[in-house]
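Here is a short briefing for a reader who is new to this structure. Take a look at the model, then read on by topic.

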Amino acid sequence: MTPIAGQPVLTANEMRAAEQQAIDAGGSVEALMERAGREVARAVARLASRAPVLVLCGPGNNGGDGYVAARFLAGIGLDVRVAASAAPATAAARAARAGWSGPVTPVADAQPAAILVDALFGTGLKRPLDPALADCLRTLAGKARRTIAVDLPSGVTTDDARTLGDVPIFDVTLALGAFKPAHLLQPAARHCGETRLLDIGVDVRSDLHVIEKPSLRTPDADSHKYNRGMVTIVGGAMTGASLLAAEAAMRAGAGYVALLGGQGGGPHALVHKSFDDDALDDDRIGALLIGPGLGRDDGAARRLDRALATAHRLVLDGDALHLLKDRMAVLESRAAPVILTPHAGEFAALFGEGEGSKIDRARAAARETGAIVVFKGADTVVAAPDGRARIVGDTNDWLSTAGTGDVLAGVISAMLAGGMPPFEAATAGVWLHADAARRLGAAFIADDLAAMLTESRASL
Ligand SMILES: NC(=O)C1=CN([C@@H]2O[C@H](COP(=O)(O)OP(=O)(O)OC[C@H]3O[C@@H](n4cnc5c(N)ncnc54)[C@H](O)[C@@H]3O)[C@@H](O)[C@H]2O)[C@@H](O)CC1
Ligand SMILES: [K+]
């Protein structure tokens, strides 16, 4: 089993191309399938603890993997039964079927077993499952003690991570050769349960990766508050949100955090200033954050216009994104980097529903604006205008509470002010935010999250 952090994520076509390269380099589909099936069998054997296994095989190569896995599992003495939804339709699947010496029953006649292995469809799924087959899959999954999907749960789309119909929630999904978007993006990801990556000997590359632990500079004898990074936050109607962002920026490592035009409060280390040209024109500002608690009235719009007119590196969040809708053209004219941190609603308001997966949409928005786009959610995606993208691998659904977005905006601002390039700053911020949430576990509030950043930052 390979750790998830830093791993490349491939679409169905990219995976096929990678497999083809392995074949062109002297391999064969059959050899890849043999390896995939053997790795699946190893993983299933560990999960099965010698309980009876039912393998469901589809017509394609996913089914082929199922037949090979069944052969290996029987070879180590497990009680294995195989049921097929259709006859094998590829040469490799036919060869795999021929290698299975036991009986094959129709899926409709299959008896439930403690361990269910779903090898019906993988990256080749084209349409919803036939209703009768989907029904059998749900029933057999419901009666199993443990459900394991080979490559992908049958019924989820690989690239845009949709569910076609009522797909069971699996306990474990064994990703073959590489993670695919469906393993990470919602709603498909939740149907995968715990995803484990199996190495099938295919060299995989992508400009989309799971976010990994960043490497950050620690302060040294030459450090002072300004070269650690100065974050200036533009305040507004709701001071609490600005204060959460401010505390997060400090605990993520910024050397100096100032709040302009706020209403007081927050840690003593936070510097309060009025919102005026002097405060904004300070060229020591490493990142200017506007949006958390800004409000949406004319005063807020004036503050945003003033912030956009500066030459500072900008992080735009919350209300600033709402107000940005009428000001998109300004982004193109800015020389200094901009990071946008929309959640789904803000994203749709700015860029529309768009085409394709969340990754495709984030990439298109980054290309269109020239900004780094942090498309937030349980499956946060960070995209750069040049096509690089990262996706969070470590999620905690307890982050769905008020103020956690303000905390993220503060962390990203601290990374940007500390001198990281904007794409790296955004991904490092998302990692720190997720790490703090992981440390907190459950039922935390945004204030706890901001406070926990000290530990996350210290762990790097
Ligand atoms: N290509 C390769 O070299 C390798 C592929 N591997 C496996 O192969 C899988 C991809 O194989 P395939 O491209 O054959 O695709 P799948 O096995 O996912 O399924 C494709 C087959 O199912 C049919 N189909 C699609 N949706 C259907 C539906 N809703 N109802 C009924 N039939 C439907 C298609 O017409 C086709 O016959 C991967 O997920 C992985 O498990 C592994 O064996 C490793 C090697
Ligand atoms: K499957």
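How many residues of domain 1 are in contact with domain 2? Nine residues of domain 1 are in contact with twelve of domain 2; contact means C-beta atoms, placed from the backbone, within 7 Å. This is a predicted model, where local features need pLDDT of at least 70, side-chain atom pairs count only at pLDDT 80 or more, and totals for chains, interfaces and linings use all residues. Residues are numbered from 1 along each chain as its sequence is written, while chains are lettered from A and ligands numbered from 1 in the order written.

**Domains**
- Domain 1 spans 12-207 and domain 2 spans 230-458, with bounds from an automatic or database domain assignment.
- Their C-alpha centres lie 40 Å apart.

**Nonpolar core**
- The largest nonpolar core has 158 residues. Such a core is a set of buried Ala, Val, Leu, Ile, Met, Phe, Trp, Tyr and Cys residues joined through C-beta atoms within 7 Å; buried means 20 or more other C-beta atoms within 10 Å of the residue's own, all placed from the backbone.
- Helix α15 (residues 422-440) gives this core its largest share, ten residues; helices are DSSP runs of H or I, at least four residues, numbered from the N terminus.

**Ligand 1**
- Ligand 1 is surrounded by 30 residues, each with its C-beta atom, placed from the backbone, within 6 Å.
- The closest are Gly 60, Asn 61, Asn 62, Gly 122 and Gly 124.
- Five residues, the largest share of this shell, come from α3.

Definitions and conventions
Two residues are in contact if their C-beta atoms, placed from the backbone, lie within 7 Å. A residue is buried if 20 or more other C-beta atoms lie within 10 Å of its own, exposed if 12 or fewer, and partly exposed in between; C-beta atoms are placed from the backbone. Helices (H or I, at least four residues) and strands (E, at least two) are DSSP runs, numbered from the N terminus.
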